[in-house]
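User: Hi! Could you walk me through a few spots in this model?

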Amino acid sequence: MRKALVVDDESDARTFVSTILKKDGWEVAEAENGTTGLKKAKALRPALIVLDVQMPEKDGFLMFTDLIKDPDTRDCKVIMLTGVADKVGIRFSGEEMGEFMGKEPDAYVEKPIDPDAFKRVVRRVMGER
Amino acid sequence: MPVKTHRHESEDMDVPGISRRRALEALEQVSQMVAGDLELKAVQKSAMRAAAEAMDAEACSILLKDAAVNTLRFHFADGPQANGLAAACLPINDQSIAGWVAGHGEPLLVPDAYADGRFNPAYDTQTGFRTRSLVCVPLVVKGKLLGVIQILNRRDGRPFGDEDLQLAHAVASLVAVAILNAEEHEARLQAERLAIVGQTVAGMAHCIKNILAGLQAGSYIVDENLPPNADGQVRYGWGVVKSNMGFLSNIILDMLNYSRPRKPLCQPCDVGSLCEDVVRLLGEQAAAKGVVLTTRAEIGTVSIDETAIRRCLINLVGNAMDACGANGTVRIEVTRGESAGEFIISVRDNGGGIEPVAMEKIFDPFFSTKGGKGTGLGLPVTKKIVEEHGGRIQVESELGAGTVFRLTLPTQPPAKTQA
């Protein structure tokens, strides 16, 4: 079974994404921050990581920059969950973040997540139709 | 248009019309009223009364233009038997004096109403008033026709003269300026109110979105785990909760979208599947209304902000379903654009169509024909999103036949600027 890792500090949001993925046939692990997320990513080598941008301790961007530095996790597909822009007041720009981090996540999904739209993004990222 | 002046001595009693001295006095009075900070309707009333009084006239009225239906409506009427005119309206054409003046943008001096082929005696018949002589002048400001003013019947029974026309013309200019000032003041107030609402909403955006995310997450989990044999009442109640949550979420997301500029986050998206999602999402609601939703796409993946375009489709399809009765059909089609690099999403319904009066206002925020059921934000948000994508929105509608909205969008976002 394909493995996915869901990293989000809000447990409701984690459960939501996990439920969508499980219903779509994924085996799902969860982590509540970037530090635990990185450890689990290295140990489990998931095909897909769903990463919330805004988390205490190590946020999604920092975790992503670490993921792409490590050869073990560099090839994991990453979907970034956004929504943070509304709090800091600036629109989060994928391109600019990509330049800043050296590589862009495979996709961005905006919260609140729509299950159908999310599944479609997962299929696109995984190269399925 | 300049009004021709007479050479005669203004105090000459043999010449019909107002004396120059009285005209000047009246004009001074009216300009003070317009400059004073009074409520618009009060200014119009007292200005017209002052002019009518100076001209020794029996009655006066202001008719304002309703551009959407090309008619004049009585805005104010004063004099004997003026009651009952409030709701009256007349088309802008050559079938009445006021209609002619509005249509041609020229003033008219009519010494004998019943001898003039353009005079429409219907209002006399209706009110019992007997029009003899009248002066009618267009209300024009910055080249825009706002309506006309009319002054009727000298009390001494003599016809109006050129001097009366001149005074009426000057009063009309002042009244027109007063109307324009009031309109601009109202527009500024409205803009300020909107700005305050916008700031408040934008400030709460993150908090509100979190709550929505939680509701959505919780309901999805309930849905996925609802036992297939769940009690009918439970299913019914849960359906009610979900559909209302959907409405609430639509309103909130529209407000959030409208409240701030937003650069689209464009990513590859199979636009056909997106349309199928929307059909699935609204399918139950459509079925309940007896509306058939279909979709067809002739192109595949494009680069758009999927969340935002989805918002547009939910709004357009929602409106289309509301416009249809039972046996309605709503069709979403994705086609190639007229030029390469563009595609079109069209949403077509066979509903009642959009009233011409409403057509001008459909993209104005908070304009709604749905009464308490609409926020008046769906179409403004849709237009905003489409324009932020560098696209455009068009609408065609025929009463009784249906409406089609067309979103023309670039297949790729406008050239990426190198930082």
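This is a predicted model: local features need pLDDT of at least 70, side-chain atom pairs count only at pLDDT 80 or more; totals for chains, interfaces and linings use all residues.

User: Great. Which residues of helix α2 of chain A are buried?

Analyst: In α2(A), which covers residues 34-44, the buried ones are Gly34(A), Gly37(A), Leu38(A) and Ala41(A). Looking down the axis of α2(A), they fall within an arc of 100°, so they line one face of the helix.

User: And which exposed residues sit on the face turned away from the buried side of α2(A)?

Analyst: That face carries Lys39(A) and Ala43(A).

User: What covers the buried residues of α2(A)?

Analyst: The cover includes strands β1 (3-7), β2 (27-31) and β3 (48-52), along with helix α3 (60-69), of chain A. Following α2(A) comes Arg45(A), with a positive phi near 45°.

User: Switching to chain B: at what angle do α1(B) and α5(B) cross?

Analyst: Roughly 5°, with their axes coming within 10 Å. Angles under 35 degrees count as roughly parallel, so α1(B) and α5(B) are roughly parallel to each other.

User: What classes of residue make up that contact?

Analyst: The contact of α1(B) with α5(B) has 11 nonpolar, one polar and two charged residues. Among them are Leu27(B) and Val30(B) from α1(B), and Leu167(B) and Leu174(B) from α5(B).

User: Last one: why does Gly103(B) count as partly exposed?

Analyst: Gly103(B), in helix α3 of chain B, has 19 C-beta neighbours inside 10 Å, and a residue needs 20 or more to be buried.

User: What does Gly103(B) contact beyond its neighbours within four places in sequence?

Analyst: Ile92(B), Asn93(B) and Asp94(B). Ile92(B) is 11 residues from Gly103(B) in sequence, with 5.6 Å between their C-alpha atoms.

Terms used. Residues are numbered from 1 along each chain as its sequence is written. Chains are lettered from A and ligands numbered from 1 in the order in which they are written. A residue is buried if 20 or more other C-beta atoms lie within 10 Å of its own, exposed if 12 or fewer, and partly exposed in between; C-beta atoms are placed from the backbone. Helices (H or I, at least four residues) and strands (E, at least two) are DSSP runs, numbered from the N terminus. The arc is that of the directions from the helix axis to the C-beta atoms. Two residues are in contact if their C-beta atoms, placed from the backbone, lie within 7 Å. Axes are lines fitted to C-alpha atoms, for helices over the stretch in contact, and angles run from 0 to 180 degrees between N-to-C directions. Angles under 35 degrees count as roughly parallel, over 145 as roughly antiparallel, 65 to 115 as roughly perpendicular and the rest as oblique. Ala, Val, Leu, Ile, Met, Phe, Trp, Tyr, Cys and Pro count as nonpolar, Asp, Glu, Lys and Arg as charged, and the others, Gly among them, as polar.
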